[in-house]
Amino acid sequence: MQQPLLILNWKMNPETLKEAKVLKTETQKQAKKIKGNVVLVPPAIFLSELAKGAEGIAYAAQNIHEEVGGSHTGDISTKQAKSVGARYALIGHAERRALDDTDERVQKKVAAAITAGLQAIICIGEKVRDENGTYLDVVRSQLREAVASVTKQKLKQVIIAYEPVWAIGKEKPMSTHEMHEMSIFIRKVLSELYGKQGMSVPVLYGGSIEADSAVHMMREGDVQGLLVGRASVDVEKLRALLKALQSI
Ligand code: PGA
């Protein structure tokens with residue numbers, strides 16, 4: 001099995017920089033024990049401070065603006081994120097899509113991230129699952145739109161995080177069987193666009209992952225990693241999660 005890529009999305013947590021530093025130290029300590037790569041995704045305001053002396057973990061911005069600069073109050077650019085230590089950018093998270101991340105905007109953000117030399121973690125996922133498979137059309141179209149400007153040469157900078165909106169912030173994730181099917185589908189769409197190379201794009205799962213489900217998902221979900229929200233900001237759950245992943 002491939003080394004897992006673990007994306008820890010803190011969202012708008014914790015409340016203070018002091019708490020963020022404690023959480024980072026704990027993450028760093030535990031991350032050393034697992035074989036995979038850990039990417040911390042803190043609020044932008046903490047990024048610069050946390051990314052100092054960041055041995056063992058990498059950093060991502062939670063969101064970036066598609067323009068290089070200008071009159072965009074409250075936003076951050078790819079270069080700004082990179083200049084304080086981000087190597088990745090989360091793009092099109094469901095919580096951003098619920099605001100103003102349209103497919104078109106996601107496409108521009110992906111292009112901006114790639115131009116800046118960042119790894120683009122592109123979030124896709126349907127809001128609801130219906131009986132007749134319309135959700136597959138939703139996922140296909142989000143994916144195709146998001147990578148529309150990515151050339152084969154730049155495909156190495158793309159990571160796909162599949163996060164069904166109906167499984168985010170819930171009690172349990174979707175089944176490993178459903179994820180396995182989805183991974184195959186995502187790779188199929190990517191291979192239609194990029195040929196064999198499309199098959200090598202990492203596919204991650206996100207949505208209500210904790211220690212036990214993380215191990216199952218890594219073993220049976222046909223994924224190269226996980227995107228974790230709540231369990232990444234709860235010290236006990238974080239410890240349990242990273243400990244569980246040591247066995248992979
Ligand atoms: P959750 O969040 O793990 O709290 O469900 C996942 C996400 O939104 O990225």
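**Entry 1: the barrel**

I began with the sheet, and found a closed barrel of eight strands with parallel pairing, in the order β1-β2-β3-β4-β5-β6-β7-β8. On average, neighbouring strands of this sheet are turned by 25° against each other, direction ignored. A reminder to myself before going on: this is a predicted model.

Strand β7 (residues 203-206) and strand β8 (residues 225-228) run parallel and are joined by three bridges. I asked myself which residue of β8 is the bridge partner of G206.

**Entry 2: α1 against α9**

Then I turned to helices, where a packed pair is described by the angle between the two axes and the distance between them. For helix α1 (residues 17-31) and helix α9 (residues 235-246), I have axes that come within 10 Å and cross at roughly 15°. Angles under 35 degrees count as roughly parallel, so α1 is roughly parallel to α9. The crossing of α1 past α9 is right-handed.

Which residues make this contact? From α1 I listed L23, E26, T27, Q30 and A31, and from α9 V235, L238, R239 and L242. Sorted by class, the contact of α1 with α9 holds five nonpolar, two polar and two charged residues.

**Entry 3: α6 against α7**

Helix α6 (residues 134-146) and helix α7 (residues 176-194) were next on my list. Their axes come within 10 Å and cross at roughly 45°, which makes α6 oblique to α7. Here too I noted the hand: α6 passes α7 in a right-handed crossing.

On the α6 side I wrote down Y135, L136, V139, R140, L143 and R144, which meet M182, F185, I186, V189, L190, E192 and L193 in α7. How many polar residues does the contact of α6 with α7 have? I found no polar residues, beside 10 nonpolar and three charged.

**Entry 4: α5 against α6**

I stayed with α6 and looked at its contact with α5. The axes of α5 and α6 come within 8 Å and cross at roughly 40°, and the two helices are therefore oblique to each other. D103, V106, Q107 and V110 of α5 meet S141, Q142, E145 and A146 of α6. By class I get three nonpolar, three polar and two charged residues for the contact of α5 with α6.

**Entry 5: salt bridges**

A search of the whole structure gave me 18 salt bridges. I opened one of them, in which the side chains of E66 and R105 meet at 2.8 Å, N to O. E66 sits in the loop between β3 (57-61) and α3 (78-83), and R105 in helix α5 (residues 103-115), so this pair ties together parts that are 39 residues apart in sequence.

Where did I find a cis peptide bond? One joins N13 and P14, with omega about -10°. P14 belongs to the loop between β1 (5-9) and α1.

I also flagged S208: its phi is positive, about 60°, although S208 is not a glycine. I placed S208 in the loop between β7 and α8 (211-220).

Key. Residues numbered from 1 in each chain as written. Predicted model: local features only at pLDDT ≥ 70, side-chain atom pairs only at ≥ 80, totals over all residues. Heavy atoms only, no water. Axes fitted to C-alpha atoms, helices over the stretch in contact; angles between N-to-C directions. Helix = DSSP H or I, 4+ residues; strand = E, 2+ residues; numbered from the N terminus. Parallel < 35°, antiparallel > 145°, perpendicular 65-115°, else oblique. Left-handed = near helix turned anticlockwise from the far one by under 90°. Contact = heavy atoms within 4.5 Å. Nonpolar A, V, L, I, M, F, W, Y, C, P; charged D, E, K, R; others polar. Pairing = 2+ DSSP bridges. Salt bridge = Lys/Arg side-chain N within 4 Å of Asp/Glu carboxyl O.
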